[in-house]
Amino acid sequence: MIGSKLIAGVDEAGRGPLAGPVVAAAVILPNGLTIDGVRDSKKVAEKKRERLHNEIMDKSVAVGIGIIHEDEIDRENIMDSTRRAMRIAFGQLSPAPHEALIDGYALPDQVVKNRGIIDGDEKVHIISAASIIAKVTRDRMMRNYDIIFPEYGFAQHKGYGTRQHLQQLREYLACSVHRKSFRPVKDHMPRLSDLKKNRRLGQWGERLAAQHLVRKGYDIIEMNFNAAPHGEIDIVARNREMIVFVEVKTASQEKLGRPEDQVDETKIEKLANAMEVFISENDNIEESRFDMMTVRFGKGRPSVRHYEDCLN
């Protein structure tokens, strides 16, 4: 706030990477508040960014976050997607600001008066605060994707086109969080026929299901938890304080019947025992549930469905 006016700072993270979303944040801080250590997020160490993120969230008058995922970026373009993420972040602010200061250029067609400031994330404290919220939000998603797609090293490079990432892209081909419209991703796309031939369709389905959960705000704890002799849990995730165990069933268009029909009472008993193994190996789990997800491949984009609390 400046005087009695509510002023929002706005910035984005993720315009340049080859994978993952673009994230925008809008922040309103109390009048006169300066948070020690807040500066351009690119110049703050990762652990310190996490601490500052929490402090900003605690002390802010309002925070808005807009996320545009990689498939939406492919349908639009990165500039339009960035602007849409900013509009979403604006729309979440309550109370609404009287004015917004944006890193870079002003946002057109907005009811709220706004102006762009070149290098604003270095010059203006509230824009720096927004840059930290956007960066940490996106980095957390990329660390989740690193658990789902460990061969790409997303936790290290966060989807940017580093030498390591380009080598992994050539070796493993693109995954579902890569931006298909970006080069060199478009030159390294896998084919559904190859997944079927190499018997990787089931793994791909599990990964798509886990990606779906991340988009819904879940944190991925582990993929393919082995609870011998009871079998394997495809996904272990956290939704706030709830631990969620997920069985994923995948089917191709050629396969008849519903994938969810493949889970019978014997399978459910094994899964329940596997859940008990995980709970016994991990402390402080007070709430848990069992979910099912189905992934169907066919013409167009895969269809993902999520069924919650299937044992009750």
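Reader: Which strands does helix α5 lie across?

Author: A note before that: this is a predicted model. Helix α5 covers residues 125-148. It lies across β1, β2, β3, β4 and β5. Its direction is at about 35° to β1.

Reader: And which strands does helix α3 lie across?

Author: Helix α3, residues 78-92, lies across β1, β2, β3 and β4. It runs at about 150° to β3.

Reader: Now the sheet. What is the order of its strands?

Author: Read it as β3-β2-β1-β4-β5. The sheet is open, has 5 strands and shows mixed pairing. β3 (62-68) and β5 stand at the edges, each with a single partner strand, so one side of each has no neighbour in the sheet. From one strand to the next, the twist averages 20°.

Reader: How does β4 pair with β1 and with β5?

Author: Take β1 to begin with. Strand β1, residues 7-13, pairs with β4 in the parallel sense, over 4 bridges. On the other pairing, β4 and β5 (residues 113-117) run parallel and are joined by 5 bridges.

Reader: Which residues stand opposite A100?

Author: A8 stands opposite A100 of β4. In β5, the bridge partner of A100 is N114. Further along, I102 stands opposite G116 in β5.

Reader: How do I read the side chains of a strand?

Author: Start with the general idea. Side chains in a regular strand alternate between the two faces of the sheet. Here is the case in β4. E99, L101 and D103 point one way, while A100 and I102 point the other way.

Reader: Are those residues of β4 buried or exposed?

Author: All of them are buried. Buried here means under 20% relative accessible area. With 5 of its 5 residues buried, strand β4 (residues 99-103) is therefore largely enclosed by the rest of the structure.

Reader: Last topic: pockets. How is empty space found?

Author: A probe the size of a water molecule is rolled over the atoms, and this shows where empty space is left. In this model, the largest pocket holds about 710 Å³ of space.

Reader: Which residues lie nearest the centre of the largest pocket?

Author: S176, K180, L208, R301 and P302. They belong to a lining of 25 residues. By class, that lining has 11 nonpolar, 6 polar and 8 charged residues.

Reader: Which helix gives the most to the lining?

Author: α9, with 5 residues. Helices α2 (70-75), α8 (192-197) and α9 (201-215) each supply at least two residues of the lining.

Note on methods: Residues are numbered from 1 along each chain as its sequence is written. This is a predicted model: local features need pLDDT of at least 70, side-chain atom pairs count only at pLDDT 80 or more; totals for chains, interfaces and linings use all residues. Side-chain values use heavy atoms; hydrogens and water are left out. On a 1 Å grid over the protein atoms alone, a cavity is a set of points where a 1.4 Å probe fits but cannot get out, and a pocket is an open set with protein on both sides within 12 Å along at least five of seven lines; lining residues have an atom within 4 Å of a point. Grid points are joined across faces, edges and corners, and a volume is the space filled by probe spheres set on the points. Ala, Val, Leu, Ile, Met, Phe, Trp, Tyr, Cys and Pro count as nonpolar, Asp, Glu, Lys and Arg as charged, and the others, Gly among them, as polar. Buried means under 20% relative accessible area, exposed over 50%, partly exposed in between (1.4 Å probe, protein chains only). Two strands pair if DSSP finds at least two bridges between them. Axes are lines fitted to C-alpha atoms, for helices over the stretch in contact, and angles run from 0 to 180 degrees between N-to-C directions. Contact means heavy atoms within 4.5 Å.
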